[in-house]
Amino acid sequence: MGDMGTPNHSEVTDFTLLGFRVLPQLHILLFLLFLLIYTMILLGTVGMMVINMKDPWLNTRMYFFLGNLSFINLIYSSVIAPKAMINFWSVSKSISFAGCVTQLFLFALFIVTEGFLLAVMAYDHFIAICNPRLYSIQMSTCLGVQLVAGSYICGCISSVIETSMTFTLSFCASWTIEHFYCDDRPLQRLSCSNIFIHKLASFCLSGIIILPTIIVIIVSYLYILSTVLKIPSTKGRQKAFSTCSSHLGVMSVLYVAVSCMYLTPDTSPELSKVASLCYSLLTPMLNPLIYSLRNKDVKEALRKILGENIFLFISV
């Protein structure tokens with residue numbers, strides 16, 4: 001712990017989010033980039049949730065999972081993007097101590113929940129493709145709800161642990177966070193506590209979350225690919241490969257970025273920012289495109305909803 005005369009976390013009222021180390025003239029470009037990405041996230045995630053609620057044909061386990069994925073992406077990107085965009089124009093770039101705690105807690109909760117939910121979705125795809133006749137038995141509605149609830153519970157538990165560990169540290173070196181949002185590793189750099197145990201616990205927690213979900217995803221898709229290879233139709237195989245590769249592509253971006261951030265030595269703050277940008281904003285933008293808008297049922301439901309709204313507008 002720090003010296004008695006050194007200010008600790010209980011005396012901190014505000015942190016400063018340093019953001020990206022670029023020329024001031026480039027802040028407008030970064031603001032526009034964040035605005036574009038966040039707008040696409042809003043359109044994709046909210047659109048998917050609306051389609052799920054309005055179209056009864058999409059009332060299945062797969063779309064239940066997609067609706068929850070959209071909700072999760074919407075929340076944790078909203079925890080990050082608006083504050084980051086405000087700070088591009090702000091001189092102080094400050095965030096209150098309570099705001100920093102809240103941002104870390106919510107982001108950790110939903111990013112971990114997403115990891116478990118992606119593993120659930122991979123398992124769901126595995127059953128649907130490899131054992132379609134047993135799908136309604138092996139993936140019942142009750143089990144689907146339990147798996148989603150379990151994902152949220154795991155996210156909440158890990159977030160409570162990580163947030164509690166982080167904010168019991170003493171902050172005395174500086175209150176300027178070398179990042180564009182409050183996260184565990186950038187906050188570790190501000191601490192004058194002995195953080196060896198904290199780093200070890202954080203690494204173990206990350207490993208417990210990341211490795212099992214990756215294993216479930218990889219094993220599920222290996223079985224899926226082996227089943228796809230047995231499809232006699234070349235067109236059918238190509239369509240299945242296209243779907244699987246796009247799913248795995250988005251998951252790879254998420255897991256590679258998260259692993260670089262939490263399972264490797266903390267050597268480059270700028271590299272950490274790029275990795276964080278990939279999993280906090282890039283994957284939430286890509287998920288609706290990959291999982292939903294490439295889906296024939298979703299596109300048909302979207303056409304139906306747009307057609308109804310256009311008809312109502314013309315009638316008025």
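**Tyr123 and Phe126**

Tyr123 is partly exposed, with a relative accessible area of 31%, whereas Phe126 is buried at 18%; buried means under 20% relative accessible area, exposed over 50%, and partly exposed in between (1.4 Å probe, protein chains only). The model is predicted: local features need pLDDT of at least 70, side-chain atom pairs count only at pLDDT 80 or more, and totals for chains, interfaces and linings use all residues. Residues are numbered from 1 along each chain as its sequence is written, and side-chain values use heavy atoms, leaving out hydrogens and water.

**Aromatic pairs**

The structure holds 18 aromatic pairs; rings of Phe, Tyr and Trp (its six-membered ring) pair if their centres lie within 6.5 Å, with planes under 30 degrees apart counted as stacked, over 60 as edge-to-face and the rest as tilted. Phe97 and Phe167 form an edge-to-face pair, 5.4 Å centre to centre with 85° between the planes. Phe97 lies in helix H3 (residues 97-130) and Phe167 in the loop between helix H5 (141-166) and E3, so this pair ties together parts that are 70 residues apart in sequence. Helices (H or I, at least four residues) and strands (E, at least two) are DSSP runs, numbered from the N terminus.

The rings of Tyr123 and Phe126 have centres 6.1 Å apart and planes at 35°, so that pair is tilted.

**Strand E1**

Strand E1 (residues 14-17) has a covered face, Phe15 and Leu17, and an uncovered one, Asp14 and Thr16. Antiparallel to E1 runs strand E2 (residues 94-96), joined to E1 by 3 bridges, and Thr16 stands opposite Ser94 in E2. Two strands pair if DSSP finds at least two bridges between them.
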